[in-house]
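Here is a short briefing on a protein model. Look over the sequence and the fold before reading on.

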Amino acid sequence: VGQQGDEMIFRWKFRLPEEMKTTEKFCHLHQIKGIDNAEGTADVGNPLITFTARTLSNGKQQFQVIFVGPSSASTGNVYLARADLAEFLGRWVEVEERVVCGMQGSYRVSVKRLDDGRELVSVSETGLAMWREGAAGIRPKWGIYRSFGAGGSLKARLRDEVLRFADFSVEKVSK
């Protein structure tokens, strides 16, 4: 769990299935989330960062790194990086992600394919609100979290997927 002023370093590998099904709605693969306080009043409804796979209006699939600011800022989704999802499908990639926790925090991430070393995503942002008002901390989450649409309307376009992970490393560098 990261606290204000901490630098968190997350390293892991993942492999998306070949021919993974996505929709125009969200399919989060990784998130950085705030942790609610004991009173349940923290601004933790939305994640701070997501790795999201989705289908665009032109039918192409995209991998997105999205930042969402505090509710009070009304920033909505800020796309820090976008890449062709086809570059990920069926191939192992390795991630190094660095978060400095704070209202004037920073976020860096590099995603590289293992088989050819190609960097698919590179982000380096400073001055980001990498903290949420009233939060007890921030933490990473991994796995598939997706929208099935209103009343399950998208279920027929999706299928069960297997997202593989390996070699997790979580390090906290306190300031």
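Predicted model: local features only at pLDDT ≥ 70, side-chain atom pairs only at ≥ 80, totals over all residues.

Another open sheet of five strands runs in the order β8-β7-β6-β1-β10. The largest nonpolar core has 41 residues. The structure also holds 14 salt bridges.

- Eight bridges hold the antiparallel pair β2 and β9.
- Cysteine 27 has arginine 146 of β9 standing opposite.

**Sheet β8-β7-β6-β1-β10**

- This open sheet of five strands is antiparallel in its pairing too.
- Why is one side of β8 and of β10 left without a neighbour in the sheet? Both stand at the edges, and each has a single partner strand. Strand β10 spans 164-173.
- Neighbouring strands of this sheet are turned by 10 degrees against each other on average, again with direction ignored.
- β1 and β10 are antiparallel partners over eight bridges. Glutamate 7 has valine 173, in β10, as its bridge partner.
- β6 and β7 pair in the antiparallel sense over eight bridges. The hairpin from β6 to β7 passes through one residue. Valine 99 has tyrosine 107 of β7 as its bridge partner.
- β7 and β8 are antiparallel as well, with nine bridges. Valine 109 faces valine 123 of β8 across this pair.
- The β7-β8 hairpin has five residues between its strands. In that turn, glycine 117 has a positive phi of about 75 degrees.

**Nonpolar core**

- In soluble globular proteins, nonpolar side chains tend to be buried together.
- Which residues have the most contacts inside the largest core? They are Phe51, Phe88, Tyr107 and Val121.
- Two or more core residues come from each of β1 (7-15), β2 (27-35), β3 (49-55), β4 (61-68), β5 (77-84), β6 (92-100), β7 (102-113) and β8 (119-130).
- Strand β8 gives the largest share of this core, six residues.
- Tyr107, listed among the core residues with the most contacts, is also the bridge partner of valine 99.

**Threonine 55**

- Threonine 55 sits in strand β3.
- Is threonine 55 buried or exposed? Its relative accessible area is 12%, so threonine 55 is buried. The cut-off for buried is under 20%.
- The side chains of threonine 55 and threonine 22 make a polar contact at 2.6 Å.
- Beyond its neighbours within four places in sequence, threonine 55 is in contact with Thr22, Thr23, Glu24, Lys60 and Gln61.

**Salt bridges around glutamate 96**

- Glutamate 96 forms a salt bridge with arginine 11. Their closest N and O atoms are 2.9 Å apart.
- Glutamate 96 belongs to β6 and arginine 11 to β1, so this pair ties together parts 85 residues apart in sequence.
- Glutamate 96 also meets arginine 98 in a salt bridge, at 3.1 Å from N to O.
- Glutamate 96 counts as partly exposed at 31% relative accessibility. Arginine 11 is partly exposed too, with a relative accessible area of 27%.

**Salt bridges around arginine 91**

- The side chains of arginine 91 and aspartate 116 form a salt bridge, 3.6 Å from N to O.
- Arginine 91 lies in the loop between β5 and β6, and aspartate 116 in the loop between β7 and β8, so the pair ties together parts that are 25 residues apart in sequence.
- Arginine 91 is partly exposed, its relative accessible area being 27%. Aspartate 116, at 43% relative accessibility, counts as partly exposed.
- Which residues are linked in a network of salt bridges? The network holds Glu87, Arg91, Arg113, Asp115, Asp116 and Arg118.

Notes
Residues numbered from 1 in each chain as written. Heavy atoms only, no water. Core = buried A, V, L, I, M, F, W, Y, C linked by side-chain atoms within 4.5 Å. Buried < 20%, exposed > 50% of the residue type's maximum accessible area, 1.4 Å probe, protein only. Helix = DSSP H or I, 4+ residues; strand = E, 2+ residues; numbered from the N terminus. Pairing = 2+ DSSP bridges. Polar contact = N/O pair within 3.5 Å; in protein donor to acceptor, adjacent residues only side chain to side chain. Contact = heavy atoms within 4.5 Å. Axes fitted to C-alpha atoms, helices over the stretch in contact; angles between N-to-C directions. Salt bridge = Lys/Arg side-chain N within 4 Å of Asp/Glu carboxyl O.
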